[in-house]
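User: I would like to learn how to read a protein model feature by feature. Can you take me through one?

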Amino acid sequence: DITETYETYRKILQHLQWRCARDRWVLKAPTHLRTLDALLAVFPDACIVQNHRDPLLSLASVISLRITMLKPAVAEIDMPRLTRWISEDNAEWLQRGLETRQRLGQEERFFDVYFNDFQRDPIDVVRRLYRHFDLPLPDEALSRMKKFMANNPRGKHGAHQYSFEDYGLDMAEERERYASYQEHFGIESEI
């Protein structure tokens, strides 16, 4: 049971903010989908934002990042084994998250963000997110977001280069692995 780990996590967060209290924490970790029950038991007022993208594009990105992290520490990478494991692992936490959401039946606690919508109009997505969770969105915050986007256009610091085809996975097999997730959330295949 990972609940105790989340309790420790909560204490660490409380210690980190003890001199500068905030109304809420904003944390990013898609792997929390694997353990939503424990997370929601420890953080009962949590609002969950789940990002969605063609899982095969996401998978290629995750594989690329994990390889980048492993290279300095591992002499030789068994690429077929690693890519298969990463795909199985990602599919498992997406499926667990979906099953937990369905079992809880508390969709008001969740807001789904689709990658292409966010790329097209991030401010609209942010407005809808705040409205969904009944949170105030001050004009000053919107202004800062717009300024940040203007000063940091996509690709400003280069681009993360990756391709699904680079990792030797079978597209039909991977589509099947992620089919229920894509179907449930209406995610179109882009590759």
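User: Which helix gives the largest share of the lining of the second largest pocket?
Analyst: The general idea comes first. Rolling a probe the size of a water molecule over the atoms shows where empty space is left. Now the case here, in what is a predicted model. Helix H5, residues 115–120, supplies the largest share of that lining, with 4 residues.

User: How much space lies in the second largest pocket, and which residues line it?
Analyst: The space in this pocket is about 160 Å³. Its lining includes His52, Arg53 and Asp54. Tyr114, Phe115, Asn116, Asp117 and Arg120 also line the pocket. Gly186, Ile187, Glu188 and Glu190 complete the list.

User: What sits over the ring of Phe115?
Analyst: The charged end of Arg53 does, 4.0 Å from the ring centre. Both Arg53 and Phe115 are among the residues that line the second largest pocket.

User: Let us step back to the whole chain. How many helices and strands does the protein chain have?
Analyst: Count 9 helices and 2 strands. Read from the N terminus, the order is α-α-β-α-α-β-α-α-α-α-α. The C-alpha trace spans about 45 × 45 × 35 Å along its principal axes. The chain has 191 residues, and 33% of them are buried.

User: What share of contacts joins residues at least 24 apart?
Analyst: Take contacts between residues at least 6 apart in sequence. Of these, 70% join residues at least 24 apart.

User: How do I read a nonpolar core?
Analyst: In soluble globular proteins, nonpolar side chains tend to be buried together. In this model the largest nonpolar core has 30 residues. Leu39, Phe43, Ile48, Leu59 and Ile63 touch the most other members.

User: Which helix gives the most to this core?
Analyst: Helices H1, H2, H3 (55–70), H4 (79–104) and H9 (179–185) each supply at least two residues. H4 gives the most, with 6 residues.

User: Which residues is Ile48 in contact with, leaving aside its neighbours within four places in sequence?
Analyst: The contacts of Ile48 are Leu36, Leu39, Leu40, Arg109, Phe110, Phe111 and Phe133.

User: Is Ile86 buried or exposed?
Analyst: Relative accessibility decides, and buried means under 20%. Ile86 has 0%, so Ile86 counts as buried. Ile86 lies in helix H4. Leaving aside neighbours within four places in sequence, Ile86 is in contact with Leu59, Val62, Ile63 and Arg66. Ile86 and Arg66 are 20 residues apart along the chain, with their C-alpha atoms separated by 8.8 Å.

User: Is Glu183 buried or exposed?
Analyst: Exposed means over 50%. Glu183 has 69% relative accessibility, so Glu183 counts as exposed. Glu183 is found in helix H9.

User: Now the aromatic rings. How many aromatic pairs are found in the whole structure?
Analyst: The search finds 4 aromatic pairs. Take Trp25 and Phe43. Planes over 60 degrees apart count as edge-to-face. The planes of Trp25 and Phe43 stand at 80° and the ring centres lie 6.0 Å apart, so this pair is edge-to-face.

User: Which parts of the chain does the pair link?
Analyst: The pair links distant parts, 18 residues apart. Trp25 is in the loop between helix H1 (3–16) and helix H2 (36–42). Phe43 is in the loop between H2 and strand S1 (48–52). Ring pairs link Tyr6, Tyr9, Trp25 and Phe43 into a cluster.

User: How do Trp25 and Phe43 count by relative accessibility?
Analyst: Trp25 has 30%, so Trp25 counts as partly exposed. Phe43 has 11%, so Phe43 counts as buried.

User: One backbone feature to finish. What is phi of Asp134?
Analyst: Phi is near 55°, a positive value in a residue other than glycine. Asp134 is found in the loop between helix H6 (122–132) and helix H7 (139–151). Its relative accessibility is 69%, so Asp134 counts as exposed.

Notes
Residues are numbered from 1 along each chain as its sequence is written. Side-chain values use heavy atoms; hydrogens and water are left out. Rings of Phe, Tyr and Trp (its six-membered ring) pair if their centres lie within 6.5 Å; planes under 30 degrees apart count as stacked, over 60 as edge-to-face and the rest as tilted. Buried means under 20% relative accessible area, exposed over 50%, partly exposed in between (1.4 Å probe, protein chains only). A charge sits over a ring if NZ of Lys or CZ of Arg is within 6 Å of the ring centre and within 35 degrees of the ring normal. A nonpolar core is a set of buried Ala, Val, Leu, Ile, Met, Phe, Trp, Tyr and Cys residues joined through side-chain atoms within 4.5 Å. Contact means heavy atoms within 4.5 Å. On a 1 Å grid over the protein atoms alone, a cavity is a set of points where a 1.4 Å probe fits but cannot get out, and a pocket is an open set with protein on both sides within 12 Å along at least five of seven lines; lining residues have an atom within 4 Å of a point. Grid points are joined across faces, edges and corners, and a volume is the space filled by probe spheres set on the points.
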